[in-house]
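Subject: Structure for you, with notes

Hello,

Here is the structure I promised to send. My notes follow below it.

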Amino acid sequence: MPPDRASEPRGAPDEGAPPVAVLLPLPLAGAYDYAVPAGLTVGPGDYVVVPLGGARHVGVVWGAAEGAVEARRLRPIERRFDAPPMPEEHRRFVERVAAYTVSLPGAVLRLALGATAALDPAPPTLLHRRSALPVPAGLRLTPARRQVLAVLEGGPARPLAEIAREAGVGAAVVRGLADAGLVEAVPVPGDRPPPVPDWSRPGPVLSAEQAAAAADLAARVRERRPGTVLLDGVTGSGKTEVYFEAIAACLKAGRQALVLVPEIALTGQWLGRFERRFGVPPVEWHSEVSSGDRRRAWRAIATGTARVVVGARSALFLPYPDLGLIVVDEEHDGAFKQEDGVVYHGRDMAVLRGHLAGFPVVLASATPSLETVVNVEAGRYGMLHLPDRHGGASLPEIRMIDLRSDRPERQRWMAPTLVRAVGETLAAGEQALLFLNRRGYAPLTLCRACGHRLECPSCTAWLVEHRLAGRLQCHHCGFTTPLPRQCPACGETDTLAACGPGVERLAEEVAARFPAARVELVASDTLTGPRAVEALVGRVARHEVDILIGTQVVAKGHHFPMLTLVGVIDADLGLHGGDLRAGERTFQLLSQVAGRAGRAERPGVVYLQTLDPGHPVMQALAKGDRDGFLAAEAEGRRQARMPPFARLAALILSSPSVPDVDRAATMLARTAPAEPDLQVLGPAPAPLAVLRGRHRRRFLVNAPRQAPLQAILRDWLGRVRLPGSVRCQVDVDPYGFL
Ligand code: ADP
Ligand code: ZN
């Protein structure tokens, strides 16, 4: 339901309405005061246009004026939009996200103003119908006019063009009748509300465990019980069906529901299932939604007519007036972390949102994050467990290929055992997936004459060859250049050699080994957005593909009934690089990839090619011992005083100028907080020491769980004035360490 506007205090329309504070979506320290001109009524949450300097900005009335500037010197608000005000709950959310992430509230507000075009109501459209006026005696009724009147007789108001088309006449004929008063125009609000999902439609018959979990979630939603629950179950155990029941309960209670997914997982398969369950599609919010649909979606969400929204992490910042449930699907997924601008974790902010508003949040995963598991163990989160794959489909068997003894040939990447297995799979008329989490042809290009490595001119990174595109590319800044014939260092011709495999190079090997197989290559640069993913899923499901080669975009929850073999080309790939979560992430990713095999009645086999079969991650995967792995991982983190048993924050200073960034780093080092339990590491050049031409220095703060980390950071940053060229990014709970 839209909020009751009358319930919020509003300025009087007469002269002298008190000034108000307006928060702008700009990096400013706080809200600015504005006068309310005579004749304008504004209240908290209203979207307004205000002048600032020489420009105009859309902002949100945040509350009473702070009074720092004398009232008569304030500039006036220019206008108020005719849109539902941003709910109080949402304004508090913006503030809390800013506080948690140590960012400016205006920067967070910018996330919430993702569709300013939606602030004005859509212009009404004119529909036409027969008026009540009888046909005047003197009017000449041509056959064309008669035709139009016949079409209109007793029918609803319709667009003029449609009437003319149906009557087989020109639009001028209809207008002529309108001039004569026989046809009338009725304005209708521009947007039709999105269709309402029908919660009362029956879902599938749930297994006993599914039914118990669904009943528990539904009760939480119905009773509006705050708290976070982990819905834990292997891929295919029916988590989606279970949380659909929570959504049904939310709809029945008349509240809005939000489902957050890693964007790439939002496929037509998911949308199709939603539609089968609820009769209509949900409202979508992600990067592929067109600007017109975005505007409509925003408006429908703000007015409360959008009942279920499914979206990427940014959907969290939409102004729901009456949210009653958030589901975070694949909660462990790294895609929920936003790394630029306001650095936040979508899952954690969803938990915060639920906490502030007092409704349940469901986190679903087959491989939950250690953070979430520890929260369950500590009793902070609830847990519901789905033990089996639905219908008894078996989990794939995981086998290890020791690359030290089962060696691929030179310049080849598939071990003999894997080659044999793929051959057998194809012979059986089944499909195989080869997984390599590396885009392009080769991660490194090296001169055989002088040893020079081709690097990005503006980053500390090698250029990756993309042979299909005929270019070298930087995966950090997007720089591309044609592949040179001469080494830029020594000038020799035809000495540049590709080192190591990317998926394109693997595809070359596959084509050579299995010339008759239909091969499809997928990577995030060839497959963007839910629609493209859906098309691919369709081709694989219709068995138009024998061998699928892909990066992690193929790892996300699609169902391929005939896919019975998964080969992981380099299972060790994610384990290097000193990331605190390297093991956890590798385990999650490889479990997810493995889950692609044998989801239907056919059992699947997964081969992991590794140089280190004894590694705890490989052992845990082979034994299917997720809980043992998590326990060992937790113990390691506890002893190292690392998250989730301690807190981390990173400060990343960057500047095009080395002296400036070093000066800033020295200043921060000198004023670093010196609390007994707190450890400040750095400054150190970031592993990615130069990014987009900016030199980067990192600090890492390690604090006990209970430490007031944000206050410490604010205090620290508040004490130094950094050189103008230096940007300081704060990353609370960092997931990336580059
Ligand atoms: P998860 O989300 O845990 O991966 P899904 O909810 O996608 O699992 O379920 C896996 C498959 O099993 C889907 O095709 C789903 O439609 C089917 N399924 C799950 N539960 C049931 C059920 N109770 N009745 C019929 N089909 C089910
Ligand atoms: Zn670059």
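Please keep in mind that this is a predicted model.

**Ligand 1**

A nitrogen atom of ligand 1 sits 2.9 Å from an N or O atom in the side chain of Gln 210. The backbone takes part too: a polar backbone atom of Val 205 is 2.8 Å from a nitrogen atom of the ligand. On the oxygen side, Lys 239 places a polar side-chain atom 2.8 Å from an oxygen atom of ligand 1.

How much of ligand 1 does the protein cover? On its own the ligand has 550 Å² of accessible area, and the protein covers 77% of that.

The shell around ligand 1 holds 16 residues. Those that come nearest are Val 205, Gly 236, Lys 239, Thr 240 and Arg 273. By class, eight residues of the shell are polar, four are charged and four are nonpolar. Which helix gives the most to this shell? That is helix H7, residues 239–252, with three residues.

**The zinc site**

Ligand 2 is a zinc ion. Its protein donors are the SG atoms of Cys 456, Cys 459, Cys 474 and Cys 477. They lie 2.3 Å from the ion. The site is tetrahedral, with angles of 107 to 114° among the four donor atoms. Along the sequence, the donor residues follow the spacing C-x2-C-x14-C-x2-C.

Are Cys 456 and Cys 459 buried or exposed? Cys 456 has 5% relative accessibility, so it counts as buried. Cys 459 is buried as well, because its relative accessible area is 4%. The cut-off for buried is under 20%.

**Backbone points**

Most peptide bonds are trans, and most residues other than glycine have a negative phi. Here are some exceptions.

- Pro 643 and Pro 644 are joined by a cis peptide bond, with omega about 5°. Pro 644 is in the loop between helix H17 (626–639) and strand S28 (646–655).
- The bond from Gly 682 to Pro 683 is also cis, with omega near 10°. Pro 683 belongs to strand S29, residues 679–691.
- Val 102 is not a glycine, and its phi is positive, near 50°. Look for Val 102 in the loop between helix H1 (88–101) and helix H2 (105–112). With a relative accessible area of 12%, Val 102 is buried.
- His 543 has a positive phi of about 60°, and it is not a glycine either. His 543 is in the loop between H14 and strand S25 (547–550).

**Single residues**

Helix H14 comes up again with Ser 524. This residue is in the loop between strand S24 (519–522) and helix H14 (529–541). Its relative accessibility is 33%, so Ser 524 counts as partly exposed. Ser 524 and Ala 649 are 125 residues apart in sequence. In space they are 29 Å apart, C-alpha to C-alpha.

Where is Cys 490? It is in the loop between strand S22 (480–482) and strand S23 (496–499). Cys 490 has a relative accessible area of 35% and is therefore partly exposed.

Pro 416 is in helix H12, residues 416–427. At 34% relative accessibility, Pro 416 is partly exposed. Pro 416 and Asp 406 are 10 residues apart along the chain, with 6.6 Å between their C-alpha atoms.

Ile 652 lies in strand S28. Its relative accessibility is 7%, so Ile 652 counts as buried. How many residues separate Ile 652 and Glu 275 in sequence? The count is 377, and the C-alpha to C-alpha distance is 44 Å.

**To begin with**

Then go to the zinc ion and its donors, among them Cys 474 and Cys 477. After that, go to the cis bond between Pro 643 and Pro 644.

Best wishes

Definitions and conventions: Residues are numbered from 1 along each chain as its sequence is written. Chains are lettered from A and ligands numbered from 1 in the order in which they are written. This is a predicted model: local features need pLDDT of at least 70, side-chain atom pairs count only at pLDDT 80 or more; totals for chains, interfaces and linings use all residues. Side-chain values use heavy atoms; hydrogens and water are left out. A residue is near a molecule or strand if one of its heavy atoms lies within 4 Å of it. A polar contact is a pair of N or O atoms within 3.5 Å; within protein, one must be able to donate a hydrogen and the other to accept it, and residues adjacent in sequence count only if both atoms are side-chain atoms. Accessible areas come from the Shrake-Rupley method with a 1.4 Å probe; for residues, only the protein chains shown count as cover. Helices (H or I, at least four residues) and strands (E, at least two) are DSSP runs, numbered from the N terminus. Ala, Val, Leu, Ile, Met, Phe, Trp, Tyr, Cys and Pro count as nonpolar, Asp, Glu, Lys and Arg as charged, and the others, Gly among them, as polar. Donors are N, O and S atoms within 2.8 Å of the metal (3.2 Å for Na, K and Ca); water is not among the atoms, so sites may look incomplete. Four donors count as tetrahedral if all angles lie between 85 and 135 degrees; four count as square planar and six as octahedral if opposite donors are over 155 degrees apart and all others between 65 and 115; anything else is irregular. Buried means under 20% relative accessible area, exposed over 50%, partly exposed in between (1.4 Å probe, protein chains only).
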